[in-house]
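Me: I would like to learn how to read the features of a model like this one. Please take them one at a time.

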Amino acid sequence: MTIINIVSILNDLHPEYTRTAKPCIWCPRTWCLKSNLHPNTIISLISESKGTKCFAFVKLYSKFSELFRDKKEFPENLEFSLPAVKTGNNNIFNPDDDGEIQVVISRLLAFNLGICEISKNISNLKLPIQLKFGELVKNIPIATRVILYSFSSSHSLIKSENSFMNNDLEESIFRRIHLGTVVLPNDWIYYNGSYFKIIQTYSSDISQTEPSSNIEFVKSKIARISENTVIEFSNQQVGGFNILNKINLKFQDKSQWIDKVTKKIGGLDEVISEIIEQIHLFIITAMSDKYRKGIKKSKGIILTGKPGTGKTALALCLAESSGLPFTFINCPDIFKTDEGEGENELCSIFESMMHYCVSIIILDEIDIISDKIASVRTGAESKLYSMLIRLIDSINENVLHDSNKGQIFIIGLTNRLHAVNNNLYRPGRLDRVYEFNIKKPEQRLQILKIITKKIPFVIEEKDLILEKVSRMTHGFVATDLQHLCSNVAMELIQKISSETINENRSFATLKHFENALKVAKPSDLNEYQTKIPDIKFSDIFGINNIIEDLKLTIIEPFNNSQEFLQFGISPPRGILIYGPSGVGKTMLCCAIAAEIGINFMLVEGSQVISKIVGESENNIARIFAQAKANSPCVLFIDQIDVLAPIRGSNMTSENTGERVVTSLLVEMDGFFTSKHGKGPEVDVLVIAATNRPEIIDSALLRPGRLDQHIYISPPNLKQRKEILIGKFQQIPTLLSEDQINILVNDTEGFSGADLDNLCREAALISIRENINNKVVTFDHFTKAESICKASLLNYKSIHPFDGSV
């Protein structure tokens with residue numbers, strides 16, 4: 001008889017294992033060929049140490065299969081040895097002869113053999129474990145009836161007159177999933193997140209005889225499930241065995257659950273820990289009669305956040321790794337053409353999940369069936385909303401005579417929390433809301449490490465590359481990062497396929513990510529410019545003192561906030577830059593965003609104002625909402641005097657100006673909230689620019705809003721020289737020091753924009769004179785002076801904040 005050594009066990013309940021869990025044994029391919037055993041052949045196995053015998057489906061082992069690939073616990077090859085003596089001329093190896101092989105078995109087969117218990121971890125088993133080959137099983141009778149034991153009435157699928165559930169449909173689904181499965185009394189079978197023990201089987205050859213009530217293997221019969229097999233679920237107690245106590249042990253270790261989820265979902269560690277803590281506590285109270293009565297438990301949570309943050313992925317990962325039965329409902333699919341069909345389907349789903357002791361229901365896009373307007377409408381929306389509220393109110397009630405009723409934990413998903421009816425997430429229903437925000441480079445780094453597991457890197461450079469990429473992708477969410485990495489992978493594949501390259505050159509580099517970033521952008525971009533400008537402080541001339549002040553008061557506190565918070569200093573919440581036209585206010589604002597290295601939004605005041613009543617306030621709310629979604633971000637509002645004039649200066653019947661100013665004040669106050677008592681956390685830095693500061697409402701200029709005021713004066717003699725010298729670096733000129741001084745003296749009243757226009761006109765004059773000219777001479781600048789006029793010649797400086805003029 002062939003000796004079988006189990007060297008590894010496949011967890012067929014793992015989410016990556018998409019097949020139906022069945023008792024399977026993976027054998028060496030060469031041994032199967034010599035034994036004339038084909039895939040899906042059924043053989044019997046004997047465990048002498050446990051005194052058990054069971055049946056298994058034969059599978060061919062290959063390390064290249066996706067089940068075993070890249071997994072260290074599975075060997076490269078399964079070994080086998082032939083029997084010591086062979087007689088006769090027959091080359092076909094007989095598995096009944098002596099010999100020894102290595103195999104891999106499924107977790108369900110390990111349960112049937114008694115090698116491990118349901119509640120135990122298979123990783124703790126001492127391998128190898130020895131079995132003996134029994135026989136090749138043929139001519140298995142068809143099962144006419146199979147009785148399965150459910151260890152709690154809350155797990156059972158027993159028919160009842162008051163049940164909303166379609167049991168015939170459930171039985172049909174069970175048969176379809178396990179069609180062809182071999183069943184044997186005392187074995188286990190897996191269905192819809194629960195284990196059932198096979199109590200009795202009836203087959204065509206014994207259908208007229210009374211089955212034995214003894215469920216020991218030696219007096220049982222083997223049978224195969226067919227399309228006509230009757231499946232019955234029973235709650236009859238067997239030997240006082242209670243599996244619920246053992247299953248309860250599996251949920252006590254939260255750390256393993258958290259590890260499983262955080263290895264697949266990155267950037268949300270704190271939220272994941274809080275959610276698992278809440279669900280874990282719910283499971284403990286639901287599965288213990290001691291806590292189940294007298295305590296009003298939570299019925300669920302809502303996960304919200306902008307699209308792409310990982311709400312659906314996290315909900316599915318939580319449910320799959322919990323070990324609980326769960327169902328996923330896409331709420332838009334609940335709407336049906338026939339009246340009442342959607343409500344019946346929703347009711348049937350809830351009723352079917354109540355048959356389990358504890359279960360999870362995921363409602364994706366829950367805002368579709370719980371809109372604020374749904375409660376006042378008449379039609380399908382109102383009926384679905386009413387049914388949802390009634391079902392939520394009916395679950396998890398602590399009724400003494402109904403203590404065996406299943407407990408359901410609901411996870412609602414939405415990216416439009418503002419549209420969800422407030423009654424849905426009040427206390428007693430979905431009473432906890434978790435918002436997903438992916439703002440920090442550390443969060444994006446965690447996501448990138450998970451996404452890039454299969455992208456080849458030079459090991460020593462991977463962490464450094466991903467850290468740089470995480471700091472370059474402000475405003476990116478998980479789906480944006482996935483798109484970015486897909487572009488990198490496609491570029492690598494294209495390069496490899498188009499030319500023969502060395503192995504050392506086939507790795508992803510920072511250059512690949514920089515190329516991909518030219519295409520991949522944050523997914524929620526709209527009509528407002530949202531990117532980091534290319535302008536640096538080094539591109540701005542003549543205001544070096546202002547730049548140095550900005551570096552100390554804005555950039556350093558923003559980049560190293562913790563160091564400044566130790567002294568009670570926080571980054572400024574807003575900056576007002578004012579001065580005459582053309583002195584470089586807009587350029588300076590763009591350079592601030594570029595130096596900090598975060599997203600930049602440019603909004604013109606005229607883009608916000610609308611003649612439609614209420615539209616201007618909506619525009620302001622939308623602008624600030626997008627800035628927060630792309631945080632950290634610099635929000636630059638140009639010509640803010642158009643948005644925030646002094647209240648009372650413009651009297652209209654709708655008071656549009658005052659309502660716009662009020663909306664702007666409210667939105668700015670909403671950005672700055674205390675975090676853990678350590679001072680404000682500024683996600684959005686508001687920078688405003690104007691050349692008319694005297695007409696801005698004073699409430700906007702107080703500390704806490706636009707609390708730093710920077711005045712850029714018209715350039716003086718020294719500043720004009722610095723600006724011209726900076727411009728000459730971009731224009732080929734041959735001007736002497738004296739000619740430059742003459743030019744500086746002749747440009748009294750010129751702004752920075754006027755000087756830039758002067759250089760451009762001089763260059764055009766040189767080109768018109770001779771297309772082959774290589775330089776711009778002093779004569780060209782002299783002619784350009786007659787064309788360009790000074791715009792600030794009679795400008796009077798205005799300082800409304802200190803009362804001086």
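Reply: What follows goes through strands, ring pairs and surface features in turn. This is a predicted model, in which local features need pLDDT of at least 70 and side-chain atom pairs count only at pLDDT 80 or more, while totals for chains, interfaces and linings use all residues. Residues are numbered from 1 along each chain as its sequence is written, and side-chain values use heavy atoms, with hydrogens and water left out.

Me: How many residues of strand β20 are buried?

Reply: Start with the terms. Helices (H or I, at least four residues) and strands (E, at least two) are DSSP runs, numbered from the N terminus. Buried means under 20% relative accessible area, exposed over 50%, and partly exposed in between (1.4 Å probe, protein chains only). Now the case: five of the five residues of β20 (residues 574–578) are buried, so the strand is largely enclosed by the rest of the structure. Gly574, Leu576 and Tyr578 point one way, Ile575 and Ile577 the other.

Me: Which strands does β20 run parallel to?

Reply: Two strands pair if DSSP finds at least two bridges between them. Five bridges join β20 to the parallel strand β25 (residues 684–690). There, Tyr578 has Thr690 as its bridge partner. Four bridges join β20 to strand β26 (residues 708–711), also in parallel. In β26, His709 is the bridge partner of Leu576.

Me: Which side chains of strand β15 are buried?

Reply: The side chains alternate along β15 (residues 326–330). Thr327 and Ile329 point to one face and are buried. β15 pairs with strand β16 (residues 358–364) in the parallel sense, over five bridges. Phe328 has Ile362 in β16 as its bridge partner.

Me: What unit do β15, helix α9 and β16 make?

Reply: A crossover is right-handed if, with the strands pointing away from the viewer, the path from the first strand over the helix to the second runs clockwise. β15, α9 (residues 341–353) and β16 make a right-handed β-α-β unit.

Me: How many aromatic pairs does the structure hold?

Reply: A pair of aromatic rings is described by the distance of the centres and the angle of the planes. Rings of Phe, Tyr and Trp (its six-membered ring) pair if their centres lie within 6.5 Å; planes under 30 degrees apart count as stacked, over 60 as edge-to-face and the rest as tilted. The structure holds eight aromatic pairs. One of them is Trp31 with Phe133, edge-to-face at 6.2 Å centre to centre and 75° between the planes. This pair links distant parts of the chain: Trp31 is in helix α1 (residues 29–35) and Phe133 in strand β7 (residues 129–136), 102 residues apart. Trp31 counts as buried because its relative accessibility is 0%. Phe133 is buried too, at 1%.

Phe457 and Phe513 are stacked, 6.1 Å centre to centre with 15° between the planes. Phe457 lies in the loop between α11 (441–451) and α12 (459–472) and Phe513 in helix α14 (residues 510–517), so the pair ties together parts 56 residues apart in sequence.

Me: Which residues do ring pairs link into a cluster?

Reply: They are Trp26, Tyr61, Phe68 and Phe74.

Me: Where is Glu117 found?

Reply: Glu117 sits in the loop between α2 (107–113) and β7. It is partly exposed, because its relative accessible area is 38%.
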